[in-house]
Amino acid sequence: MLTLALALTGLASCGLMHDDLDDCAVKPEVNAYLDFSYTYNTSLANRFGSDVGTVKVYVFDENDKMVLTEEHSNYSTGNALKQDGFKIPLALAPGKYSAYAVAYGHTGGYQAALNGRGAKFRLSEPAMGQGVANLSIALDHDNSYVPHQNVMLDTLWSTRSAVPIIIPEAREPVEGDPQEEDIVVNGTVELMRVTNHVKISYFHENFPKNTDFSNYEVWIESRQPRDRMDVFGNYTGASSVIRCTPFKSTVEDDKNGNRCNVLDFGLPRFIMHQDGNQRVKLCFRNKSTGNVTEIALLADLLVKGNAAFAQHNWSDQEYLDREFEYDVQLVLNDKSWSYANVFVNILSWAKRVDNVHL
């Protein structure tokens with residue numbers, strides 16, 4: 001009987017029967033998660049849950065080979081993106097990785113966004129094993145014109161910077177080791193919005209109550225390529241020049257009783273350039289005279305709103321990347337424009353900019 005008892009004691013070691021013994025250490029699990037933040041805006045609040053409807057994730061190993069891609073939308077997850085603490089698990093082997101994301105405002109997923117009206121941001125995605133340089137975003141255009149079909153561009157976000165993810169190899173315990181806690185790896189993708197809603201209103205200073213708006217053609221165009229971006233929202237060399245017309249036009253009286261034509265534009269990311277020839281310009285063509293009035297440095301005018309947030313010391317480019325709702329009123333004359341009012345509506349802030357000061 002003594003011999004049998006000794007044999008049973010040996011069989012009950014952790015190495016042989018750890019599944020049946022509560023006091024035996026087991027190899028801890030390694031769980032990796034990715035969450036998302038959209039605080040890169042003028043309100044400084046995290047607007048991910050309220051604004052983003054679809055997110056696509058791309059993970060690359062340390063050799064820049066894609067190993068994982070997933071899409072999550074409010075439609076497919078029962079509005080999970082709206083919930084605080086939304087994150088996705090990453091099934092990754094031990095190793096070093098970089099994560100990126102592209103997000104859309106459409107709640108039904110990327111393909112559903114493509115099926116709707118208006119111009120689209122279309123993804124060119126890498127195959128498994130390809131590098132992040134194969135991930136790009138292109139804006140629809142036809143002979144440079146963006147075919148908006150009278151709707152605003154669907155909102156798009158890019159990744160501000162690559163997110164490093166390091167998955168450790170959990171240690172196998174030996175007999176007598178205490179149980180180690182499971183390992184949790186977290187990463188956060190910081191998003192940047194790269195679509196803008198620009199509201200331009202105007203009237204002629206000589207006819208503030210009855211400007212003939214049908215006599216004007218208005219558009220915004222880039223002087224350099226603006227239709228293709230990388231995952232960081234940077235325009236690539238393969239881009240084309242684009243021209244945007246308003247997707248909406250209404251006539252309204254401003255607070256001073258001036259009759260204004262209010263034009264709504266959907267535009268991709270603004271970039272400040274030292275070279276004025278690379279910037280975006282706003283154009284008014286008088287159909288009767290053929291005269292074209294240009295605001296050749298549109299971004300320089302829009303960025304005047306940065307003064308409303310002076311306490312943050314944002315650079316001009318950072319302000320343009322944080323802001324996405326622009327409101328400008330222009331007063332035209334026979335040859336050009338006299339002055340503009342730049343509004344920051346969330347702060348009830350306004351600034352007058354004279355033509356000679358731009």
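This briefing covers the confidence, strand pairing, cores and cysteines of one protein model. The model is predicted, with a mean pLDDT of 90 for the protein. Six strands form an open sheet of mixed pairing, and the largest nonpolar core has 61 residues. The structure holds zero disulfides.

**Confidence**

- A pLDDT of 70 or more is reached by 91% of the residues.
- Residues 1-12 have pLDDT below 50, and this stretch makes five contacts in the model beyond near neighbours in sequence.
- Residues 15-21 also stay under 50 in pLDDT; for them the model has nine contacts beyond four places in sequence.

**The six-stranded sheet**

- The strand order is β15-β16-β11-β19-β20-β21, and the sheet is open with mixed pairing.
- The edges are taken by β15 (248-253) and β21 (349-354); each has a single partner strand, so one side of each is left without a neighbour in the sheet.
- From one strand to the next, the twist averages 25 degrees.
- Within this order, β11 (residues 195-204) and β16 (residues 259-268) pair in the antiparallel sense over eight bridges.
- N196 has L267 in β16 as its bridge partner.
- Strand β20 (residues 337-344) contains Y339.
- Y339 and N355 are 16 residues apart along the chain, and their C-alpha atoms are separated by 5.3 Å.
- Leaving aside neighbours within four places in sequence, Y339 is in contact with Q329, L330, V331, R352, V353, D354 and N355.

**Strands β17 and β18**

- Strand β17 (residues 280-286) and β18 run antiparallel and are joined by four bridges.
- The hairpin of these two strands has five residues between them, and G290 in this hairpin takes a positive phi near 80 degrees.

**Strands β6 and β7**

- Strand β7 (residues 136-139) runs antiparallel to β6, with four bridges joining the two.
- Opposite L123 stands I137 in β7.

- Another core, of 28 residues, lies apart from it and includes F48, L68, A101 and F324.
- Not counting residues up to four places away in sequence, F270 touches N196, V198, V280, L298, L302, Q317, L320, D321 and Y326.
- One of these contacts of F270, N196, is the bridge partner of L267 in β16.

- C244 is in no disulfide, and the nearest cysteine sulfur, that of C283, is 12 Å away.
- For C283, the closest cysteine sulfur is that of C244, and the 12 Å between them is too far for a bond.
- C244 counts as buried because its relative accessibility is 4%, under the cut-off of 20%.
- C283 likewise counts as buried, at 1% relative accessibility.

How values were computed. Residues are numbered from 1 along each chain as its sequence is written. This is a predicted model: local features need pLDDT of at least 70, side-chain atom pairs count only at pLDDT 80 or more; totals for chains, interfaces and linings use all residues. Side-chain values use heavy atoms; hydrogens and water are left out. Two strands pair if DSSP finds at least two bridges between them. Axes are lines fitted to C-alpha atoms, for helices over the stretch in contact, and angles run from 0 to 180 degrees between N-to-C directions. A disulfide is a pair of cysteine sulfur atoms within 2.5 Å. Buried means under 20% relative accessible area, exposed over 50%, partly exposed in between (1.4 Å probe, protein chains only). Contact means heavy atoms within 4.5 Å. pLDDT is the predictor's confidence in each residue, from 0 to 100. A nonpolar core is a set of buried Ala, Val, Leu, Ile, Met, Phe, Trp, Tyr and Cys residues joined through side-chain atoms within 4.5 Å.
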